[in-house]
Every structure is written in structure tokens, then in C-alpha cells.
Amino acid sequence: MPSDFIREIVAVHVAEGNQVHTRFPPEPNGYLHIGHAKSICLNFGIAREFGGICNLRYDDTNPTKEEVEYVDSIFEDVRWLIGGWADHCLGLKPKGKTPDTMTVEGKSDFYLAPVTGGASTKVGQTSSLPPSSGEKVRDRQDACPTLEPFYASDYFDQLYQYAVALLKKAKAYVCDLSSEDMDKYRGVPDRPGKDSPFRNRSIGENLDLFTRMKNGEFPDGACTLRAKIDMASPNIWLRDPVLYRIRHAEHHHTGGKWRIYPMYDFAHCLSDYLEGITHSICTLEFEVHRPLYDWILENLDLPRPLPHQYEFARLSLGYTVMSKRKLMQLVNDGLVSGWDDPRMPTISGLRRRGVTASALRAFAYHIGITKYNGLTDVAVLEHAIREDLNQHALRRLVVLRPTKVVLTNFPEGKTEELDATNNPEDPNAGTRKVPFSRVLYIEQDDFTETPPPKYFRLRPGGEVRLKYAYIIRCDKVVKDASGRIVELHCTADLDSKSGGPNSGRKVKGTIHWVSAAQAIEAEVRLYDRLFTVPEPDAAGDFKQHLNSRSLEVVTAKCEPGLKDAKSELRYQFERLGYFCLDSGHQPSTTSHQLVFIRTITLRDAWAKEAQKA
RNA sequence: UGCCCGAUGGUGUAACGGUAGCACAGCAGACUCUGGAUCUGUUUGUCAUGGUUCAAAUCCAUGUCGGGCAGCCA
């Protein structure tokens, strides 16, 4: 079980006999990325470890930036990530439900209870491999018939009433200052601001003005509702922050009902309160907002226990960018194929790439939770991916860049069926048959006429074992007029067959191969990291550091059984890497029936050795 | 030059006044019909200076460096 400073706080809270209730509150203005995955694993992990619930809530208070496409993708990504791990902790609510009015300690109050979404969300997989990776939620009704995530926008009525309550206590006011003037009045961090000339309007006048704001009597920007705190505070966020602004805009969830929309600071703490959140966990940049979070709740004189905010460092990953703005730029500029491009650090991109949810969770576990802003080495992610895939991936023989081999002493027309292990890490995975015949393909890299030191693959006059088959010796290199290798003539040691009585003879190298007659072709997309430098957004335009070779497409020769490859399975093409079917692939885009994506290469000790030379 | 937060090997993290540990990466070796996996060994660290204490990564002070805050974004 992971341990960090936030879990320590939660543990104390639980030891005192309290329930834990967290929430994951994304704004639906883009796709979720691996940084969100860190937050999801934290919030749902805490709920899971301490017997609590974690609500999924859209923080949708800005209608001009949010879209239903993002609402849907977020729900899908969250369910995929926590599937088989924390479904039972997922807090949802009945469709269309808004907060109940209740009385606590003689005070009128609002509350919206969660329903744990486990069974009803149809994400019940327990394996680390998702049954339908990357399948879009095309029909929102279908995805979850009776339950849905929480929406901050479902609280607009209550939020409005809380604002009125503040107004009645003379703790807020309607301010007519333009945005530019407000900037001037705010002052700068080391100089106090000055009071707005509208700061001391009467309660009656404020109430009237706020009502008229709500009724849409003023244009965008004409005025705002502000908290009356302290224009001289050293904390900028306490200098009479804006609570409501006017936006004559259609909202993806509330439609045309509202002309005023609450700001994050006002909506977030109260949404937490409404849902009975105990620990409101966010990233470090909100640390300076915490006094405001507390101020709003405290000054409303609420009857139930108040939520508290805790902050941790967001994820920075080497060789990638994380901000939604930059990711959106990559999408909009056509630099990648979409939010789910396999090179994107988005959850949907990683999923399409073949990364499993359990690998992502393992990654989140390994990086930990602190308040230190560091840069996490991608090697940690890559290790988590390989470790997970190594356990589950089915081994298959595929040649990415073929060189033809003719076994001159093997009978023409003869085909043998050889036994091959499906997964040496998992005896239950069994074996399969692969055809072997006179003409084969091997990897171009597995033969050279000029072997460097320690090269122990095939060379003229040298021997290698063909995995699961025979030891062969290269007798002759056949070239065309331009000197390009056309084929290799080899002889097989027919006494060396794998599993046979005389198979014990050792040779230095073992290589993979595919029988030419039975081979099937597939398009294989070899993805590499998107950027060439560890910190693409450190300075200047991050797009300058795009890796021009982040995608290479080859036509590979595959063992015939791969025609039945399944998108929910993961494959290891032996000695090459981990691959999966492209779930985002549209059949019309290629002449090949099969399209594989390389999730990640195998660790390659030879590449390191070769580099030394 | 205001306020808030942070600093432990190359990287990320643990140690909660009492032996600085783990993971990744690196290096060396064993094993291997995947140069994968596995196994073994191993290099490298408490930002600085003072103070408190029998004892400080930990507490205090000062400094240095890094991050955040001046949207009617979240």
C-alpha cells in the first residue's frame, strides 16, 4: 500500500472514526492525460484503501471552453483506468439528480449523495487487459443507463443561493469595474490594491443588481460579483476575488438557463461541500487559493463539516509536454492524428498505444506523491509498461524488415509444424504450431557481412539457431547488380531440431524467423517518443523539438496465426517489442487487413553494446 | 524588492530526534533456444552556514537555489 503525506492525513482522519470522501474534478475542456492519471490514482486509491468513495465531477463552470466530446472522453478514460481496481469506489449519481434540500441544526442545507457506480458502469474487467481498449462511448445513454458523474453545473441554483447569502451578510458586492480597471485596483504582489468604488453599495442595491445580472439585463463584462475580503492582503486571491461573471453563452450541460457563471474558487469549495467531500486534493498551483477556499466556506456559516484542500506536485514527464493547451495545439495543428494519437501522453493515446491500465497504475504508484516539482524520467513509465506486458503478452514471430533465406538442404515443398511457446512467463498460456519450410524471412539486422565485435547473429560462414527450429549456417550471400542482398543461402543442421534428441548443441545466437510461404503481411506502426529533448517546453516553442522520426510504418511478415489477432490481447513479437492491434484504425486507410502498433520495444542490451563500439 | 511552497545519489521517492533505505537508470557478472525475462554484486546522496541536543536529513535561525501567485481560466 502506498504511503505519502496526504494518505497520512487521511489515515489520521479515519483513525478518528471518520469516513473518507474524495473527488476527481476535471474540467471538460480537453482530454485527460497521464498527469490526470496520477491524480485519479491518488483520489481513487485513497477511497479504495480507506473504504471511501471518490466522486467523478466535471468542474464545468466555464461554458466557453467546455464540450460534450470532452465530457464523454473523460468518463470513458476514468472508467478504463480504474476498471477492475476501484470501480466499487466510483461515486456517481442518478441521472438528472440535483442536490436535496435538508435541515441540519435548524439550518437549511444542500446535499447530493453519491451512488457507487461499480456494477452499473459495465467496466467489470479484472484483468489488466481491457476487453475493448479504445472503444469510444458513442452512445452516452448506453454507456451508463441510470447513473452519471457529478456536474458542478448541477449546483448553479444552490451556488446562486449561497452567493445571495454572502450578499445578505455584506460579504460580497456587485462591482462595475471593467476588467482593465479591476487589474489596476488589484495592485501588484508587493503593493496593496485599493478598494473598488462600488465596494460599499448597500445590501439592497447589491441584491437587486445581482438579480438583474442573473436575469441577463447586463452584457458580458458589465459587472461582477466579488467577495468583500481585503484589498491589502499579501495574498492576491484575497483581494476581493471575482465570484460570478456574466457570460451570455450556451452551456453544454445547463443549456441556455444561465447568464451568470460562478468562478472556480466559488464553485469548487461549495461543490466539495455539497457532495460531502472530506479531502479535496489538487495540484500545487492552487495552494495560494486555499485561504479563499476556506474563507468562502467559513463565511457562509455552514452546518456540516467542511472539506479541506490539500495540494501535491503535478507530474512532469521527460520527453513530453503535459499542458492541455499544448496538447490541443498538437491536435489542432495536425502534428498528431488526434487526442488519441499513440504518441500522445493522453490516457486515450496511451490506451491506443497498448499501454494497460494496470501499467499506468503501477507507474503512478512508483512516482509517489510529494510537494516537490521534479521531472520524472520516462524510463519509469517504460519500465512499468514492460513489466506489465512481459507477464501477459503472447509471444509471436514477426519479421519487420525481411531478408530472404533459402535452406538449400531442406526439401522443396515440405512443411513442418513446430511447437512454439506462447508465453514463457505463463505456463498456462500453452503452445502453438508455427509452419517451417525451405524459404524463410529473417530480420535484416540479424545478418551482416561485417560483424562488429560481440555480434553473435548470422554472418557468412557463421551459425545461429532459428528459434523453435534448426541451427543454420550461412553459405552464400546472393546480391543483385547494385550490391543489395537478395537472399541468403544457408544449410540447416537437420539434427539440431528444437525439442529433438540432439537439440542440445549450443550456438551463440538465436534469431526469429517466418516461413515465407505461409507468412501474412501486416502494417506495423513503429512509434517513438514525440520529442527529442527531455524538457520540450523548457524554453521557446516546444514544437521545435518534435521528433521527425516519431513514426515509421513498415510492412511486416507475420506467422500465419496472427490473422486471428485480437484487439483485447497484447503481443510480444519476439526479440522486437510489444505490439497490439490498432483500435483506432479505420479499415479504409490501408490496404492491409492487419495494423499493429508498437507499444514499446524490448530492452535492448545489444543496442547499448553496439553503441559503445 | 510582497506572500506561499519546496530542496535527500543521475532521476523519482523513504526514513516523523537514534544504522540514510527503495525503485528506475548506470556499471559488472551469472543464466538464457528472446542480446527479453530472471538472479547476484556494485558506483553515486541529506543545498549552505550557524545554533539546540548525548545524538539532526529531521527541530530553530540566516542565506542560497527552484517553483507558484497580479484571468471576469481551471
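Phe596 turns out to be buried, with a relative accessible area of 0%; here buried means under 20%, exposed over 50% and partly exposed anything in between, using a 1.4 Å probe and protein chains only. This is a predicted model, so local features need pLDDT of at least 70 and side-chain atom pairs count only at pLDDT 80 or more, while totals for chains, interfaces and linings use all residues. Residues are numbered from 1 along each chain as its sequence is written, chains are lettered from A and ligands numbered from 1 in the order in which they are written, and side-chain values use heavy atoms, with hydrogens and water left out.

Next come the aromatic rings. Rings of Phe, Tyr and Trp (its six-membered ring) pair if their centres lie within 6.5 Å, and the pair is called stacked with planes under 30 degrees apart, edge-to-face over 60, and tilted for the rest. The count by this rule is 21 aromatic pairs. One of them is tilted: Phe531 and Phe542 sit 6.1 Å apart, centre to centre, with 50 degrees between their planes. Both residues are in the loop between strand E26 (520–527) and strand E27 (551–558), and they are 11 residues apart. Strands (E, at least two residues) are DSSP runs, numbered from the N terminus. Phe531 counts as buried at 1% relative accessibility, and Phe542 is buried too, at 3%.

Phe596 itself pairs with Phe573, this time edge-to-face, at 5.2 Å centre to centre and 80 degrees between the planes. This pair links distant parts of the chain, since Phe573 belongs to strand E28 (residues 571–573) and Phe596 to strand E30 (residues 595–601), 23 residues apart. Phe573 is buried as well, at 0% relative accessibility.

Elsewhere, ring pairs join Phe156, Tyr160, Phe210, Tyr244, Trp258, Tyr261 and Phe266 into a cluster. A charge sits over a ring if NZ of Lys or CZ of Arg is within 6 Å of the ring centre and within 35 degrees of the ring normal. Lys214 does this over the face of Tyr160, at 4.5 Å from the ring centre, and Arg351 lies over the face of Trp80, at 5.2 Å.

What about the cysteines? A disulfide is a covalent bond between the sulfur atoms of two cysteines, counted here when the sulfurs are within 2.5 Å. A search of the whole structure finds zero. For Cys89, the closest cysteine sulfur is in Cys54, 8.2 Å away, so it is too far for a bond. Cys474 is in no disulfide either, with the sulfur of Cys490 the nearest at 4.5 Å. Cys89 and Cys474 are both buried, each at 2%.

Terms used:
Helix = DSSP H or I, 4+ residues; strand = E, 2+ residues; numbered from the N terminus.
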